[in-house]
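Me: Hi! Could you walk me through this structure with me?

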Amino acid sequence: MIKKRPKNLDLTTVSFPVPAISSILHRITGVVLFIAVPILLWMLQKSLDSAGYAELQAMFSESIVWQFILWAILTSVAYHVIAGVRHLLMDLGIGETLEGGRRGAWAVLLLSVISAVLLGVWVW
C-alpha cells in the first residue's frame, strides 16, 4: 500500500501554537541555566574574597559583554520560574483546557517580557 501523505520537513513553514512556543522556550532556558551553573559558581567563588568582589564589581561596571551575560542568565531564570509555576498550576488542574493553555502561555510570555525589561533596567 502506497501512502501519498505530504511530507513537510521545513520547520520554518510550520506555524507553532503559543503553548508549544512557551514549552520550547522553557526547555531552552533550562539548558541555558545548566550551562550557566559554572559561570555562577565562578562568580560566587570570586565574590567570597573581598579583592575578588571588587574585581567582579569592576568587571560588571566596565564590560557590556558581562552585563549582557548576567542579564541573559537572570532573564533565563525568570522565564524558567514563571513557566515552571504555570506547569505546577496545570498539575493542580488549573488551565488544562485548550483555551486555558493558550491564556497561560500568553501570560508566561507577557510576564517574561516585563521581567526581562525590568532586569535590563536593573543590570544596566
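Reply: Happy to; we can go through salt bridges, annotations and helix packing in turn.

Me: What should I know about the model and the numbering before we start?

Reply: This is a predicted model, where local features need pLDDT of at least 70 and side-chain atom pairs count only at pLDDT 80 or more, while totals for chains, interfaces and linings use all residues. Residues are numbered from 1 along each chain as its sequence is written, and side-chain values use heavy atoms, with hydrogens and water left out.

Me: Which residue does Lys46 meet in a salt bridge?

Reply: Lys46 meets Glu55, with 2.8 Å from N to O.

Me: And is Lys46 buried or exposed?

Reply: Lys46 is buried, at a relative accessible area of 19%. The cut-offs are under 20% relative accessible area for buried and over 50% for exposed, with partly exposed in between (1.4 Å probe, protein chains only).

Me: What does Glu99 pair with?

Reply: Glu99, Arg102 and Arg103 are linked in a network of salt bridges. Between Glu99 and Arg102 the closest N and O atoms are 3.5 Å apart, and between Arg103 and Glu99 the N to O distance is 3.1 Å.

Me: Where do Glu99 and Arg102 lie?

Reply: Both are in helix α4, which covers residues 98-123, and they are three residues apart, about one turn of the helix. Arg103 is also in α4, four residues from Glu99, again about one turn. Helices are DSSP runs (H or I, at least four residues) and strands likewise (E, at least two), numbered from the N terminus.

Me: How accessible are those network residues?

Reply: Glu99 is partly exposed, with a relative accessible area of 38%. Arg102 is partly exposed, with 38% as well. Arg103 counts as exposed at 58%.

Me: Switching topic: which residues does the UniProt "transmembrane region" annotation cover?

Reply: The unreviewed UniProt entry gives residues 24-44, 64-83 and 104-123. UniProt positions are in the numbering used here, feature names are shortened, and annotations may be inferred rather than shown by experiment.

Me: What does the chain do over residues 24-44?

Reply: Residues 24-44 are 100% helix and 0% strand, with the end C-alpha atoms 29 Å apart. Residues 64-83 are also 100% helix and 0% strand, and there the end C-alpha atoms are 28 Å apart.

Me: Nice. At what angle do α1 and α3 pack?

Reply: Helix α1 (residues 18-47) and helix α3 (residues 64-91) pack at about 130 degrees, with axes 8 Å apart. That makes α1 oblique to α3. Axes are lines fitted to C-alpha atoms, for helices over the stretch in contact, and angles run from 0 to 180 degrees between N-to-C directions. Angles under 35 degrees count as roughly parallel, over 145 as roughly antiparallel, 65 to 115 as roughly perpendicular and the rest as oblique.

Me: And what residues make up the contact of α1 with α3?

Reply: They divide into 14 nonpolar, eight polar and one charged. Here Ala, Val, Leu, Ile, Met, Phe, Trp, Tyr, Cys and Pro count as nonpolar, Asp, Glu, Lys and Arg as charged, and the others, Gly among them, as polar.

Me: How about α3 and α4, what angle there?

Reply: About 155 degrees, with the axes of α3 and α4 9 Å apart. That makes α3 roughly antiparallel to α4. The residues of this contact divide into 15 nonpolar, seven polar and one charged.

Terms used
A salt bridge is a side-chain nitrogen of Lys or Arg within 4 Å of a carboxyl oxygen of Asp or Glu.
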